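Reader: I have a model open and would like to go through its architecture. Could we take it step by step?
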Amino acid sequence: MRVSLLIAILGGVIGVASAIQALMTVGNQPVYQDRAVFGWAALILAISATSGAALSRTRPGVAAVILVIDGLLGLGAMLLFYINTWYALAVPCWLLAAVLLFTEGRRTAQP
C-alpha cells in the first residue's frame, strides 16, 4: 500500500506542477484564454486523482478507479489546453498505482 501511495503522490506532483506551469506560461495569452478552463480542469483533476489515493487503506478499489478516471480525464483536458507539458508522465504513475492498489486490495480481501 505504501508503494502505491508514493507512486500516486509522485504522479500528483508531476501533474499539479505541469498544470500550474502550463497555466502560468500561456494562461494569460489571448490565444489560450478560451481554453484556459481545460487547464484549470486538468489541475483540479490532478489534485483529485492524488487525493483519491488517500482512500487506499480503506477502499483500494475505489481509490484505483478514481486514479484511473481522474488521471485520464486530466490528461485529456491538458491536451485540449496546452500540449507542451510533462502532464503525460503523471498518467503512467497513476495507472501503476491503480494496478498496485487493485491487486493489493484483492490479495488482502481473500481469506
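Predicted model: local features only at pLDDT ≥ 70, side-chain atom pairs only at ≥ 80, totals over all residues.

Reader: Understood. Are Y32 and Y82 buried or exposed?
Author: Y32 and Y82 are both buried.

Reader: How are the rings of Y32 and Y82 arranged?
Author: The ring centres of Y32 and Y82 are 5.7 Å apart and the planes stand at 80°. Planes over 60 degrees apart count as edge-to-face, so the pair of Y32 and Y82 is edge-to-face.

Reader: And where do Y32 and Y82 lie?
Author: Y32 belongs to the loop between α1 (2–26) and α2, while Y82 belongs to the loop between α3 and α4 (90–109). The pair therefore ties together parts that are 50 residues apart in sequence.

Reader: Which residues form an aromatic cluster?
Author: One aromatic cluster is formed by Y32, F81 and Y82. The structure holds 4 aromatic pairs.

Reader: Let us step back to the overall fold. How many helices and strands are there?
Author: The chain has 4 helices and 0 strands. Read from the N terminus, the order of elements is α-α-α-α.

Reader: What does the C-alpha trace span?
Author: Along the principal axes, the C-alpha trace spans about 60 × 20 × 15 Å.

Reader: What percentage of the residues count as buried?
Author: The chain has 111 residues, and 41% of them count as buried.

Reader: And what share of the contacts is between residues 24 or more positions apart?
Author: Among contacts with a separation of 6 or more, 73% join residues 24 or more positions apart.

Reader: Now the helix packing. How would one describe two packed helices?
Author: One gives the angle between their axes and the distance between the axes.

Reader: Then what are the values for α2 and α3?
Author: Helix α2, residues 36–52, packs on helix α3, residues 60–81, at an angle of about 160°, and the axes are 8 Å apart. This makes α2 roughly antiparallel to α3. The crossing of α2 and α3 is left-handed.

Reader: Which residues of α2 and α3 meet?
Author: On the α2 side the contact includes A36, F38, A41, L45 and G52, and on the α3 side it includes I66, L67, D70, L73, M78 and F81. By class, the contact of α2 with α3 has 14 nonpolar, 5 polar and 1 charged residues.

Reader: How about α1 and α2: what angle and distance there?
Author: The axes of α1 and α2 come within 9 Å and cross at roughly 165°. Helices α1 and α2 are therefore roughly antiparallel to each other, and their crossing is left-handed.

Reader: Which residues are involved in the α1 and α2 contact?
Author: From α1, the residues are A8, I9, G12, G15, V16, A19, I20 and L23, and they meet A36, G39, W40, A42, L43, A46, I47 and T50 in α2. The contact of α1 with α2 divides into 12 nonpolar, 4 polar and no charged residues.

Reader: And α1 with α3: what is the crossing like?
Author: The axes of α1 and α3 come within 12 Å and cross at roughly 20°. That makes α1 roughly parallel to α3. The crossing of α1 and α3 is left-handed.

Reader: Which residues of α1 and α3 meet?
Author: A8, S18, A19, A22, L23 and V26 in α1 meet L67, M78 and F81 in α3. That contact of α1 with α3 has 8 nonpolar, 1 polar and no charged residues.

Reader: Finally, is R2 buried or exposed?
Author: R2, which is found in helix α1, counts as exposed at 66% relative accessibility.

Conventions
Residues numbered from 1 in each chain as written. Heavy atoms only, no water. Axes fitted to C-alpha atoms, helices over the stretch in contact; angles between N-to-C directions. Helix = DSSP H or I, 4+ residues; strand = E, 2+ residues; numbered from the N terminus. Parallel < 35°, antiparallel > 145°, perpendicular 65-115°, else oblique. Left-handed = near helix turned anticlockwise from the far one by under 90°. Contact = heavy atoms within 4.5 Å. Nonpolar A, V, L, I, M, F, W, Y, C, P; charged D, E, K, R; others polar. Phe/Tyr/Trp six-rings, centres within 6.5 Å; stacked < 30°, edge-to-face > 60°. Buried < 20%, exposed > 50% of the residue type's maximum accessible area, 1.4 Å probe, protein only.
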